[in-house]
Amino acid sequence: MDKVKSGQQLSDRYTLKDRLSMGGMGEVWLAHDNVRQQNVVLKFLSTHLATNASAQALLQREFDQARRLIHPNIVRALGLETIDHRLCLVSEFAGSRTTEILKHGDYREFLPTLLPILDALSYAHSAGLIHRDIKPSNIVLGDDDTPRLADFGLSLEQGAETDLSGGSLFYMSPQQLAGDTPDPRDDIYSFGATLYELINGQPPFYPNISEDRIRSEVPSPLKSTVVLPTGLDALIFSMLSKRREERPESFAEIKQRLLDYIDVADNRTAPPEHIVAGGMEPIHATSFEQSVVEPSHFTSADEDYVPTTPSFKSEPTVSVRSAAIALAIAVVAVGLVVFLLPKFAPTVTPDLSRNTSVEGNEDFGEITPSNNADSETPAAANTETPQGEAATTTRAPYEEATFQRERSEAQDFTLALLRQQMALEDKKVTVWAPDEYKKAQALGDHGDALFREERFGEAMDSYYQAETVLIELTERADGVLDELLSAGQTAIDALDQETAEEAFDAVLRIDAANARAITGLEITEAIPTISALLESGDAKFRAGELRDARSDYDEVLKIYPGNQVAIDEETQGTCRKETSQSHCPQSSSQDCSQSG
């Protein structure tokens, strides 16, 4: 398979759709799996690496590492196959977008999207695995914006020996760059670089990245399109600390701190600010190109923007002058209102006989109730006044606690279902029970749809139905090999070559080294010969040509020692004919003595 193209069929199973990426190691394609009836991602080794043992080992390691992790926000590895002589990693298709589309965005919009990735990384770290390649392009977004962590090709066990190959410099910690043993805080650095890029538009040290800058320089101050809450920039820079000890301890800690920033008061009306590590300077944000270009393509003219350091001279800045002028104008205006306006304004005597009330004015929106708790104005007393979208989405504390509990229970249950599915897939359930397995998958998918609609109770009902099917399949799984082997053996005895081949092929798809199936297939291929010899032996036996008949049966037993027809004829039929001539086979002397 030198080249592949869209629309091509591979192994009579996969239909290639679109090439997603291409690199030195190989290429990645979106394909349709005609067996699973779903889209998948195929990662091929390049043709020149197809027989390279090291490249194959890397792909095997990626598959092994990804299969260990079962989490709703981690892309699942489905299998490792050889397709047309090239090793291929098959993964689920989690979406066609990545968090790169969120670059230069509002932190209040993308931080909630990223929170599940922190859970996924905490889970991976608890399993002793370090990702080592966290970046916006490796966080995939589904159609419902569910984030999924992808590409464990560089992942390693915590503390494992490593080399310096692979990874992207923009997101690589000084320790990873130096080849130190993998540590969770390397991933924390990479996630900090990812947050930096999403806010800033470009990663740290862009575009002139170098190993020296990673080791010694502090990244340029953040440039945000909105004012960042106090401390968020400091958190990001702490994640980018040169020393592991100065970074946050874990992603659980980072998540808790990010939750605080998501809950801060809305400041959408604030002007864009230039955010620095130690404070804010009133400089409007600059724009950045969104395309990713290799560092070697840049010249000195492309140097990153360097912010102006805030001045502390006695001379006032433009912002201070503006504030002083505004204050002076306000003082003059107040003076005019207090001292001059009463002299020229007409005197108005209120008509106390009129029954007045405060009414909402559509031109100015709803009237906000007074902060005075004793206020009896209709606006304050009206408890049925619509409060807008915020009121419809706000839950009471107990309701919120119930909501979160049901959500958590549903998530935990899906993880258990996923483990059952993977165990069955390892036992090749799609070979021996494809229809039942598809039914379980459909029920799970339906539950996921309900979950996304936050109908957790209904989702659990669907998950329970899926679990029932999976349990039945699991109970069958241990006996499937014996059933198939027995079916193949029965088919051989009945000289049914087609059924025997199907049964033994199914066994070998489950257990490629199964000795009984391998032997069974060899015998199956000889069924036409066995059938012809048995027919010949029977004809010779009926004609009284006993020695020739025995010769044919002996040939059958050489091919298939367990053939009962040949055994019966050897030990019974020819025995009865030869009893009088004392030619009874020694192995059947008892039968002969009984028949005599």
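A crossing of two helices is called left-handed if the near helix is turned anticlockwise from the far one by less than a right angle, and right-handed if clockwise. With that in hand, here is a friendly tour of this chain. The model is predicted, so local features need pLDDT of at least 70 and side-chain atom pairs count only at pLDDT 80 or more, while totals for chains, interfaces and linings use all residues. Residues are numbered from 1 along each chain as its sequence is written, and side-chain values use heavy atoms, with hydrogens and water left out.

**The chain as a whole**

- The chain has 20 helices and 14 strands; helices (H or I, at least four residues) and strands (E, at least two) are DSSP runs, numbered from the N terminus.
- Of the 596 residues in the chain, 40% are buried, where buried means under 20% relative accessible area, exposed over 50% and partly exposed in between (1.4 Å probe, protein chains only).
- Among contacts between residues at least 6 apart in sequence, 61% join residues at least 24 apart; a contact means heavy atoms within 4.5 Å.

- Helix α6 (residues 232-239) is mostly covered, with seven of its eight residues buried.
- Those buried residues are Leu232, Asp233, Leu235, Ile236, Phe237, Ser238 and Met239.
- The axes of α6 and α7 come within 10 Å and cross at roughly 160°; axes are lines fitted to C-alpha atoms, for helices over the stretch in contact, and angles run from 0 to 180 degrees between N-to-C directions.
- α6 and α7 are therefore roughly antiparallel to each other, given that angles under 35 degrees count as roughly parallel, over 145 as roughly antiparallel, 65 to 115 as roughly perpendicular and the rest as oblique.
- The crossing of α6 past α7 is left-handed.
- On the α6 side, Leu232, Leu235 and Met239 meet Ile254, Arg257, Leu258 and Tyr261 of α7.
- The residues of this α6 contact with α7 divide into six nonpolar, no polar and one charged; Ala, Val, Leu, Ile, Met, Phe, Trp, Tyr, Cys and Pro count as nonpolar, Asp, Glu, Lys and Arg as charged, and the others, Gly among them, as polar.

**Helix α2 against helix α7**

- The axes of α2 and α7 (residues 251-262) come within 9 Å, crossing at roughly 165°.
- α2 and α7 are therefore roughly antiparallel to each other, and α2 passes α7 in a left-handed crossing.
- From α2, the residues in contact include Leu111, Leu115, Leu118 and Ser122, and from α7 they include Phe251, Lys255, Leu258 and Ile262.
- By class, the contact of α2 with α7 has 13 nonpolar, two polar and two charged residues.

- Three strands form an open sheet in the order β7-β9-β10, with antiparallel pairing; two strands pair if DSSP finds at least two bridges between them.
- β7 (97-98) and β10 (147-149) stand at the edges with a single partner strand each, so one side of each is left without a neighbour in the sheet.
- Strand β9 (residues 139-141) pairs with β10 in the antiparallel sense over three bridges, and valine 140 has arginine 148 of β10 as its bridge partner.
- Helix α2 (residues 107-126) packs on the sheet, touching β9 and β10, and its direction makes about 30° with that of β10.

- Strand β1 (residues 9-10) and strand β2 (residues 14-22) pair in the antiparallel sense over two bridges, with glutamine 9 opposite threonine 15 in β2.
- β1 and β2 form a hairpin with three residues between them, and serine 11 in the turn has a positive phi of about 55°.
- β2 and strand β3 (residues 26-33) pair in the antiparallel sense over seven bridges, and tyrosine 14 has aspartate 33 in β3 as its bridge partner.
- A hairpin through three residues joins β2 to β3.

- Glutamine 441 lies in helix α13 (residues 434-452) and is buried, with a relative accessible area of 15%.
- Not counting residues up to four places away in sequence, glutamine 441 touches Gln38, Gln421 and Glu425.
- Helix α14 (residues 456-493) and helix α16 (residues 515-525) pack at an angle of about 20°, their axes 10 Å apart.
- α14 and α16 are therefore roughly parallel to each other, and their crossing is left-handed.
- Asp482, Leu485 and Ile492 of α14 make the contact with Arg516, Ala517, Gly520, Ile523 and Thr524 of α16.
- By class, the α14 contact with α16 has four nonpolar, two polar and two charged residues.
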